[in-house]
Amino acid sequence: MTAERRIGAALGSKVKGFEPLHGGDLSSVHKVVLADGRTVVAKTGPMVDVEARMLNALRAAGASAPEVIHAEAGLIVLEHLSETPASSNGWQNLGARLRD
């Protein structure tokens, strides 16, 4: 089954748009637009389950990280966030959250 079909089945809405995003050294990353109007990010690859656990741990620690909407073998679907540049303040906030 294609990634688009897996995403549609998991989220209960047909995929209307599927465009590659930059990044994803270990996985393929796509911006996904669903027929119900939602926009999400999908990552496919052999290690995405590890990334999903890491993102959930970061969020549990109070750090800013995208919500994992769906995870299965070889596929995670994440909340779509607007891209923002890295900043020293952002790194300091992340360090403080992880330290606590």
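In the predicted model, Lys-43 is buried, its relative accessible area being 12%. The contact is one of five salt bridges found in a search of the whole structure.

A further salt bridge pairs the side chains of Arg-6 and Glu-72, with an N to O distance of 2.9 Å. Because Arg-6 belongs to helix H1 (residues 3–11) and Glu-72 to strand S4 (residues 68–72), this pair ties together parts that are 66 residues apart in sequence. Glu-72 is partly exposed, at 30% relative accessibility.

Arg-59 and Glu-79 also form a salt bridge, the closest N and O atoms being 3.9 Å apart. Here Arg-59 is located in helix H2 (residues 48–60) and Glu-79 in strand S5 (residues 75–79), so the pair ties together parts that are 20 residues apart in sequence. Both partners are partly exposed: Arg-59 has a relative accessibility of 38%, and Glu-79 has a relative accessible area of 29%.

Strand pairing was examined next. Strands S1 (residues 15–20) and S2 (residues 28–34) run antiparallel and are joined by five bridges; within this pairing, Val-15 has Leu-34 of S2 as its bridge partner. S2 also pairs in the antiparallel sense with strand S3 (residues 39–44), over six bridges, and Ser-28 stands opposite Thr-44 in S3. Four residues lie between the strands in the hairpin of S2 and S3, where Gly-37 adopts a positive phi near 100 degrees.

Conventions:
Residues numbered from 1 in each chain as written. Predicted model: local features only at pLDDT ≥ 70, side-chain atom pairs only at ≥ 80, totals over all residues. Heavy atoms only, no water. Pairing = 2+ DSSP bridges. Helix = DSSP H or I, 4+ residues; strand = E, 2+ residues; numbered from the N terminus. Salt bridge = Lys/Arg side-chain N within 4 Å of Asp/Glu carboxyl O. Buried < 20%, exposed > 50% of the residue type's maximum accessible area, 1.4 Å probe, protein only.
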